[in-house]
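Please keep the structure open as I talk.

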Amino acid sequence: MDFTFDIRNSAGTGEIDINGTIGSYNESNEGVSSYNEFTRKIREIGASSARKVIVNIRSTGGSVNDALLIYEQLKALTAKVITRCYGYTASAATIIAQAATKGERKMSANGLYLIHQSKTAIDGNS
């Protein structure tokens with residue numbers, strides 16, 4: 001599944017949906033990073049002068065780098081940030097969920113939230 005964003009603006013509220021694998025390539029395989037797409041959407045919200053941003057998250061994770069960059073962008077907003085986790089929110093997606101304004105992290109009653117120890121791999125020649 002691709003990492004997709006939908007944005008809706010109404011009555012001073014911007015809403016972003018984060019679905020699929022964070023940092024994945026789009027279907028046309030152009031290599032557009034999710035962070036870049038997120039940046040475009042955040043600019044749209046900023047242009048609308050939204051006072052509240054709701055981020056709906058449905059993701060099993062993905063690129064930690066993209067998640068950290070998205071987190072930083074959300075934390076830099078002057079608007080109130082509400083994160084809502086649905087379904088399975090795991091791994092790198094949980095980093096984004098932590099960007100909510102204090103007291104504004106939400107989770108559906110049937111949601112699953114997975115945090116795990118980090119891991120890495122090395123490949124190549126010495």
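L112 is exposed, because its relative accessible area is 52%, and the cut-offs I use throughout are under 20% relative accessible area for buried, over 50% for exposed and partly exposed in between, with a 1.4 Å probe and protein chains only. L112 is found in strand 7, residues 112–114, where helices (H or I, at least four residues) and strands (E, at least two) are DSSP runs numbered from the N terminus. Together with Y88 and L114, L112 forms a nonpolar patch on the surface, with about 270 Å² of accessible area between the three of them. Patches here are made of residues with over 30% relative accessible area and no salt bridge, like charges being joined within 9 Å and nonpolar side chains (Val, Leu, Ile, Met, Phe, Trp, Tyr) within 5 Å. The areas themselves come from the Shrake-Rupley method with a 1.4 Å probe, and for residues only the protein chains shown count as cover.

Before going further, a word on the source: this is a predicted model, in which local features need pLDDT of at least 70 and side-chain atom pairs count only at pLDDT 80 or more, while totals for chains, interfaces and linings use all residues. Residues are numbered from 1 along each chain as its sequence is written, and side-chain values use heavy atoms, with hydrogens and water left out.

As for the overall layout, the chain has 3 helices and 7 strands, and from the N terminus on these elements run β-β-α-β-α-β-β-α-β-β. Of the 126 residues in the chain, 38% are buried.

Let me turn to helix 2. This helix covers residues 64–76, 13 residues in total, and reaches 18 Å from its first C-alpha to its last, which is close to the 18 Å expected at 1.5 Å a residue; the expected span is 1.5 Å times one less than the number of residues. The buried residues in helix 2 are D66, A67, I70, Q73 and L74. Seen down the axis, these buried residues fall within an arc of 125°, so they line one face of the helix, the arc being that of the directions from the helix axis to the C-beta atoms. At the start of helix 2, a side-chain oxygen of S63 comes to within 3.4 Å of the backbone nitrogen of N65. L69 also lies in helix 2, but L69 counts as partly exposed, at 30% relative accessibility.

The C-alpha atoms of L69 and F38 are separated by 9.4 Å, although the two residues are 31 residues apart along the chain. I18 and F38, 20 residues apart in sequence, are 9.1 Å apart in space, again C-alpha to C-alpha. I18 is found in strand 2, residues 13–19, and at 0% relative accessibility I18 counts as buried.

Now to the charged pairs: how many salt bridges does a search of the whole structure find? The search finds 3, a salt bridge being a side-chain nitrogen of Lys or Arg within 4 Å of a carboxyl oxygen of Asp or Glu. In one of them, the side chains of R58 and D17 meet at 4.0 Å, N to O. This pair links distant parts of the chain, with R58 in strand 3 (residues 52–58) and D17 in strand 2, 41 residues apart. R58 is partly exposed at 35% relative accessibility, whereas D17 is buried at 8%.

K80 forms a salt bridge with E104, the closest N and O atoms being 3.4 Å apart. Here too the pair links distant parts of the chain, since K80 sits in strand 4 (residues 80–85) and E104 in the loop between helix 3 and strand 6 (105–107), 24 residues apart.

I will finish with a backbone detail. Most residues other than glycine have a negative phi. S91, however, has a positive phi of about 55° although it is not a glycine. S91 lies in the loop between strand 5 (88–90) and helix 3 (92–97), and S91 is partly exposed, with a relative accessible area of 23%.

Note on methods: Polar contact = N/O pair within 3.5 Å; in protein donor to acceptor, adjacent residues only side chain to side chain.
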